[in-house]
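Thanks for making time this morning.

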Amino acid sequence: MMSQFKFSAGPWNVHDGADSYGPATRSSISLEEKIEKFAQMGFDAIQFHDDDAVPDINELSEEEIKEEAKKVKKLLDRYHLAAEFVAPRLWMDPHTSDGGFMSTCKEDRDYAMWRAKRSIDIANELGADKVVLWLAREGTLCAESKSPVWATQMLIDAINEMLRYDSEIKIVIEPKPNEPIDRSICGTIGHVMGVSAATIDPSRVGGLLESAHAILAGLDPSHEIGFALAMGKLWGVHLNDQNGIKYDQDKTFGVENLRQAFNQVKVLIENGYGSNGEYVGLDVKAMRTTKDEDSYKHLENSLKIVRALEEKVAEFDYDLQKKLVADRDFEGLEMYVMNLLMGLA
Ligand code: 3MF
Ligand code: MG
Ligand code: MG
């Protein structure tokens, strides 16, 4: 069965294996090589950080940044790939050690806004209509260091400035409850909906749900996806997996929580996700032990698992489900789902 989804991935999904505790274990791969391989693997679109597209962004003028982005657009065209979004990488620069939009230092906030506006410029050059905000350091390391009320308002003000800067761009918040900060300001899809409603144009502010981030918040990703879909605000997903509430693992989709993975695919399909051009994005990391020649395995495996679960959804017996629900036979329904997933149905 062909997938009914269009898929996207980011160049950061293929990485050298370095982590906070040790150096690289694989050689690094150029952007062009990754893009060529993504096209071969059947991806339809690429997700970018601003500096994935324009590596020396801090050293370049606004015009030079657009010129660099045009070269990346040519590269995408060569492989018939679209650009899904651009995300300002606001967590690497010394200016953002205590956050960007909600840094307590005005100079840092101005820097963050400069990067956000450059991300909008790059998105326009690449033909992407979305800027994604993963609010990595937007929160507190020390609870008393900033007021959560002030910080929330700073985020709303920053989004308003982006909406005013470009009359078309959509701002998509990717919430995460913690890591690398202690406490986030905008940790779940529910928070995203609140922030969206408080901006000058809620119709252009939505959410991207990452499975692992929902699990880190102690929530079921399929319900977070469902909540955003009910609000008409699910404009992106980062499917992956996570073994409980610990550091962010970005594991291959479905390898830890198969039933939850099935329910994520099921809720996406049932609600026609993708019919407005949305992509099923993957945000997965290879293990540190993975060898050079297997650098793309975790992406291949995630695609395989999404497709296999699409088939399971196609097999799902909705008449039986209705009957079991009417009988309040949830033991029966649960076992039906388990048998379906175990291939015993
Ligand atoms: C972090 C993430 C990030 C974001 C990406 C785009 C490395 O937990 O999930 O991936 O998805 O930076 O915003
Ligand atoms: Mg993640
Ligand atoms: Mg992500």
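Lys130 has a relative accessibility of 12% and so counts as buried, where buried means under 20% relative accessible area, exposed over 50%, and partly exposed in between, with a 1.4 Å probe and protein chains only. Its salt-bridge partner is Asp129, with the closest N and O atoms 3.4 Å apart, and Asp129 is partly exposed at a relative accessible area of 37%. By salt bridge I mean a side-chain nitrogen of Lys or Arg within 4 Å of a carboxyl oxygen of Asp or Glu.

Before going further, a word on conventions: this is a predicted model, in which local features need pLDDT of at least 70 and side-chain atom pairs count only at pLDDT 80 or more, while totals for chains, interfaces and linings use all residues. Residues are numbered from 1 along each chain as its sequence is written, chains are lettered from A and ligands numbered from 1 in the order in which they are written, and side-chain values use heavy atoms, with hydrogens and water left out.

Staying with the charged pairs, how many salt bridges does the rule give? The count comes to 28. One of them joins Asp51 to Arg115, whose closest N and O atoms are 3.9 Å apart. Asp51 lies in helix 2 (residues 50–53) and Arg115 in helix 4 (residues 106–126), so this pair ties together parts that are 64 residues apart in sequence; helices here are DSSP runs of H or I with at least four residues, strands are runs of E with at least two, and both are numbered from the N terminus. Arg115 is buried, with a relative accessible area of 3%. Another salt bridge is made by the side chains of Lys323 and Asp327, at 3.5 Å from N to O, and Asp327 counts as partly exposed at 47% relative accessibility. Through shared partners, salt bridges also join Asp50, Asp51, Asp52, Arg89 and Arg115 into one network.

Let me turn to the metals. Which residues supply the protein donors of the magnesium ion (ligand 3)? They are Glu174 (OE), Glu210 (OE), His238 (ND1) and Asp283 (OD), lying 1.9 to 2.2 Å from the ion. Donors are N, O and S atoms within 2.8 Å of the metal (3.2 Å for Na, K and Ca), and water is not among the atoms, so sites may look incomplete. The six donor atoms of this site give angles of 79 to 170°, and the site is octahedral. Glu174, in strand 6 (residues 170–174), and Asp283, in the loop between strand 10 (280–282) and helix 10 (297–315), are 109 residues apart, and the pair links distant parts of the chain. Glu174 counts as buried at 5% relative accessibility, and Asp283 is buried at 7%.

For reference, four donors count as tetrahedral if all angles lie between 85 and 135 degrees; four count as square planar and six as octahedral if opposite donors are over 155 degrees apart and all others between 65 and 115; anything else is irregular.

The two ions, ligand 2 and ligand 3, are 4.1 Å apart, and Glu210 coordinates both. Glu210 lies in strand 8 (residues 205–210) and Asp250 in the loop between strand 9 (234–239) and helix 9 (258–270), so this pair ties together parts that are 40 residues apart in sequence. Glu210 is buried, with a relative accessible area of 0%, and Asp250 is buried as well, at 3%.

As for annotation, UniProt, in an unreviewed entry, places the feature "domain: Xylose isomerase-like TIM barrel" at residues 36–244; its positions are given in the numbering used here, feature names are shortened, and annotations may be inferred rather than shown by experiment. Over residues 36–244 the chain is 44% helix and 18% strand, and the end C-alpha atoms are 34 Å apart.
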